Protein chains: 2
Amino acid sequence: MTCSALTESGTTATEICDWLALRRDSAAAHIRRVPLEQLDGWGFDADTGNLRHDSGRFFSIEGIEATTDHDGRGTWRQPIINQEDIAILGILAKEFDGILHFLMQAKLEPGNVNAVQLSPTVQATHSNYTRAHRGGATPYVEYFTDGRRARVLTDALQSEQGSWFLHKRNRNVVVETAEDVPVRDDFQWLTLAQIHALLQVPHTVNMDARTVLGALPFAASEHGRTGGGRFVRALRRSLEVDGAADPARRTEVLSWITERRSHYGLSARRIPLRDVDDWSLGPFGLNHRHDRHFGIVGVSVSTEGREVGSWSQPLLRPCGTGMNAFLVREFRGTAHVLVRAAVEPGYRDTVELGPTVQFHPADYAHLPPEQWPLFHDVTSSASSTVHYDVTQSEEGGRFHHALNRYLVVEVGADFPTTVPDDFAWLTLGQLIDLQRHSYYLNIEARSLVCCLQTLW
Amino acid sequence: MTCSALTESGTTATEICDWLALRRDSAAAHIRRVPLEQLDGWGFDADTGNLRHDSGRFFSIEGIEATTDHDGRGTWRQPIINQEDIAILGILAKEFDGILHFLMQAKLEPGNVNAVQLSPTVQATHSNYTRAHRGGATPYVEYFTDGRRARVLTDALQSEQGSWFLHKRNRNVVVETAEDVPVRDDFQWLTLAQIHALLQVPHTVNMDARTVLGALPFAASEHGRTGGGRFVRALRRSLEVDGAADPARRTEVLSWITERRSHYGLSARRIPLRDVDDWSLGPFGLNHRHDRHFGIVGVSVSTEGREVGSWSQPLLRPCGTGMNAFLVREFRGTAHVLVRAAVEPGYRDTVELGPTVQFHPADYAHLPPEQWPLFHDVTSSASSTVHYDVTQSEEGGRFHHALNRYLVVEVGADFPTTVPDDFAWLTLGQLIDLQRHSYYLNIEARSLVCCLQTLW
């Protein structure tokens with residue numbers, strides 16, 4: 001990463017939000033809820049009850065029976081989204097006047113609360129971009145499929161929500177080109193400084209953009225910003241403590257992850273959706289009998305601005321707003337993030353590292369406070385400082401109004417340094433190193449790393 | 001790794017082989033083939049036909065239906081070993097007089113051609129070492145489960161044979177202790193130099209020891225050997241070209257792996273063993289109708305020297321000896337190894353990097369030469385030099401007489417530098433970096449890296 005990527009320039013966040021509003025108007029999208037039985041081209045399989053597209057493509061809603069000894073959860077059944085196709089979530093970068101810019105797209109997704117959000121240059125599955133199904137080709141995909149047209153900055157398969165997707169992964173990739181790139185209507189070149197300003201605005205930078213940008217391998221010494229208070233300096237120092245600076249700690253961290261993955265068992269067996277007893281089909285979709293966790297709902301979309309003019313599809317609708325929080329503590333002037341070994345049924349390898357706290361309060365409302373997740377109340381401590389607190393959206397192509405409150409909370413010197421076995425203190429440099437490889441950080445943690453980047 | 005780990009010392013390879021022969025005698029093992037129906041404690045499930053232990057533990061033989069677009073293989077069904085339990089393959093290291101030694105075990109496994117081979121200090125599944133089932137506790141396991149007793153040198157989950165195991169992985173770990181360690185009868189401290197000498201002897205250093213030792217992160221500048229010819233110098237330089245020395249190439253290599261994983265589809269669905277039509281049960285086990293690929297056979301073992309005195313179990317018996325070869329070429333004085341993106345049905349993430357050539361000739365005997373794997377005949381080229389050519393055994397606890405010829409072949413300057421998309425030239429430093437993480441190198445490639453280490 002060049003130092004200038006973070007330099008302030010040009011258009012303000014407000015102007016970019018205005019542009020997104022214009023794109024929203026020009027898309028002229030009409031999105032409405034429809035019963036699952038009325039989805040055009042989708043149906044319930046006669047044998048299994050799975051909800052799938054008539055073509056067998058896109059994705060399907062199936063059942064799993066999951067078993068784990070993590071957190072005493074035992075065995076349960078639930079619906080889950082199955083999508084084997086790997087999407088490219090790709091951001092094209094290019095230097096203008098020595099400043100790295102990223103080509104961001106104003107993209108309509110039917111599950112977004114505000115229809116249009118800022119997304120990667122390319123956000124398309126393999127079947128999207130290899131065959132022009134009922135629509136045009138995917139713009140700019142050639143920069144990601146033809147190695148001669150751009151240089152790779154980062155490129156790894158990463159998981160998505162492990163409670164909602166079975167073994168899903170997408171390709172998170174940033175490439176830099178030196179070519180002249182024509183800019184289409186729905187696209188705009190933005191600097192990291194501009195994107196960071198937009199991350200202070202709820203529901204503006206979409207999940208796919210956050211996970212890709214959160215993996216950018218830039219070093220503290222190169223980011224070109226100086227000054228800032230004690231916490232900002234501690235974050236910058238944290239960025240410098242990576243695997244190269246501290247190889248012994250890198251070995252310890254990798255060994256801790258290996259140990260946690262060996263410690264817990266997890267199996268997730270595909271079962272017919274009709275065998276998932278706790279969910280049942282009603283007029284408002286497929287819902288949990290206590291209205292917990294999530295439901296599956298149908299939407300119908302008509303629009304002018306998208307490659308496919310109108311379609312309908314199922315979406316997963318979570319119950320209530322979730323909370324993803326990183327607790328951060330200074331150790332001798334260097335910020336450390338408290339990550340947690342999370343076990344979710346859709347993970348490919350049992351454990352991925354998640355936020356310190358990751359949960360949906362609505363799922364715990366019926367339980368006494370002592371059964372809520374560890375550290376869930378840390379924002380209420382007098383010695384805590386909240387540095388980031390913005391509600392953001394998850395992927396609107398699969399989820400209906402899936403919102404999470406993202407928090408970065410600095411805890412004081414009274415916070416215990418010794419933590420339970422599922423937790424570990426990592427530096428920002430270590431978190432960025434881990435994202436070079438697949439399946440170390442979960443989607444919620446990667447999103448939070450992106451939000452953290454706005455702070456230094 | 002300290003420089004002295006490679007220093008020659010003490011006992012010769014012949015003396016260690018004599019010691020292994022003594023242990024073999026003292027084990028007094030009697031191993032004989034028995035029909036699968038006569039295995040004590042094992043049986044075919046009435047519904048599925050799966051072969052499993054009455055306790056539900058250890059492992060089971062099940063069926064899969066696999067589909068991939070790699071190599072035009074399409075869809076097929078086969079038996080596969082399913083074992084969810086993760087084993088520790090752990091080697092305990094300790095310095096004596098400044099020289100790092102490794103505590104190696106003379107271990108009996110029923111599938112070994114010679115019963116006893118040199119194995120890691122600990123080679124035990126979670127259920128082995130957490131509960132003393134019909135036998136004693138696992139010696140030395142406390143050094144791997146109690147972080148205060150040793151320092152970790154390397155620790156990652158790695159896959160095993162992807163055509164024979166479904167999603168299997170074991171923990172490959174080396175720890176160094178400063179404690180006084182009592183040495184039991186079946187154990188001996190060996191230096192790397194001694195182990196490397198033993199790797200020239202067929203069927204002596206077992207698969208588990210090879211995969212763990214192959215991941216040792218030692219730098220060329222530290223290995224303490226000097227001299228050697230042109231090829232040896234090129235290998236040492238290759239060891240120095242790692243991710244730290246060439247971060248841009250590291251990004252390229254990771255991107256190539258990500259691209260190959262996105263390029264191919266792979267699904268492996270568990271099915272009842274009775275639905276695997278091409279294999280059928282006969283007096284000699286479960287065999288392929290053309291006697292290709294592998295069969296499942298039964299063995300009965302009685303012994304004096306093992307924690308469990310006598311038992312019987314199924315083993316997978318491959319048809320014929322396999323071949324795993326690394327082609328190596330010099331580029332401007334630095335050796336590069338030609339790896340291949342392999343797709344095997346039991347992999348967790350579609351692609352792992354394997355040897356340049358990996359196949360069982362018996363499976364191709366009925367096909368014309370042009371349908372044999374690419375580069376299979378490279379040893380016959382006049383400009384090739386064979387630097388390593390030893391037949392080694394695969395894991396004798398699951399396989400019956402599974403033998404592979406391991407080859408390191410230097411190709412001349414006439415060998416093409418541009419290779420098909422599934423191939424890439426990597427340095428030794430890059431291969432060792434990749435082994436810090438799970439599932440980049442397959443078991444055959446990791447074994448070959450261990451054999452390569454004997455050459456410099």
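This is a predicted model: local features need pLDDT of at least 70, side-chain atom pairs count only at pLDDT 80 or more; totals for chains, interfaces and linings use all residues.
Trainee: What share of the residues in chain A is buried?

Mentor: Of the 456 residues, 61% are buried, that is, under 20% relative accessible area.

Trainee: Which secondary structure elements does chain A have, and how many?

Mentor: Chain A has nine helices and 24 strands. Among its contacts between residues at least 6 apart in sequence, 73% join residues at least 24 apart.

Trainee: What makes Arg169(A) and Asp349(B) a salt bridge?

Mentor: The closest N and O atoms of Arg169(A) and Asp349(B) are 3.0 Å apart. The cut-off is 4 Å between a side-chain nitrogen of Lys or Arg and a carboxyl oxygen of Asp or Glu, so the pair qualifies. The count between chain B and chain A is four salt bridges.

Trainee: Which element gives the most to the side of chain B that touches chain A?

Mentor: That is H7(B), with eight residues. By class, this side of chain B has eight nonpolar, ten polar and ten charged residues.

Trainee: How much area do chain B and chain A bury between them?

Mentor: They bury about 2,400 Å², with 47% of it on carbon and sulfur atoms. The contact takes 28 residues from chain B and 28 residues from chain A.

Conventions: Residues are numbered from 1 along each chain as its sequence is written. Chains are lettered from A and ligands numbered from 1 in the order in which they are written. Side-chain values use heavy atoms; hydrogens and water are left out. Contact means heavy atoms within 4.5 Å. Buried area is the accessible area (1.4 Å probe) that two parts lose on being put together, summed over both. Helices (H or I, at least four residues) and strands (E, at least two) are DSSP runs, numbered from the N terminus. Ala, Val, Leu, Ile, Met, Phe, Trp, Tyr, Cys and Pro count as nonpolar, Asp, Glu, Lys and Arg as charged, and the others, Gly among them, as polar. Buried means under 20% relative accessible area, exposed over 50%, partly exposed in between (1.4 Å probe, protein chains only).
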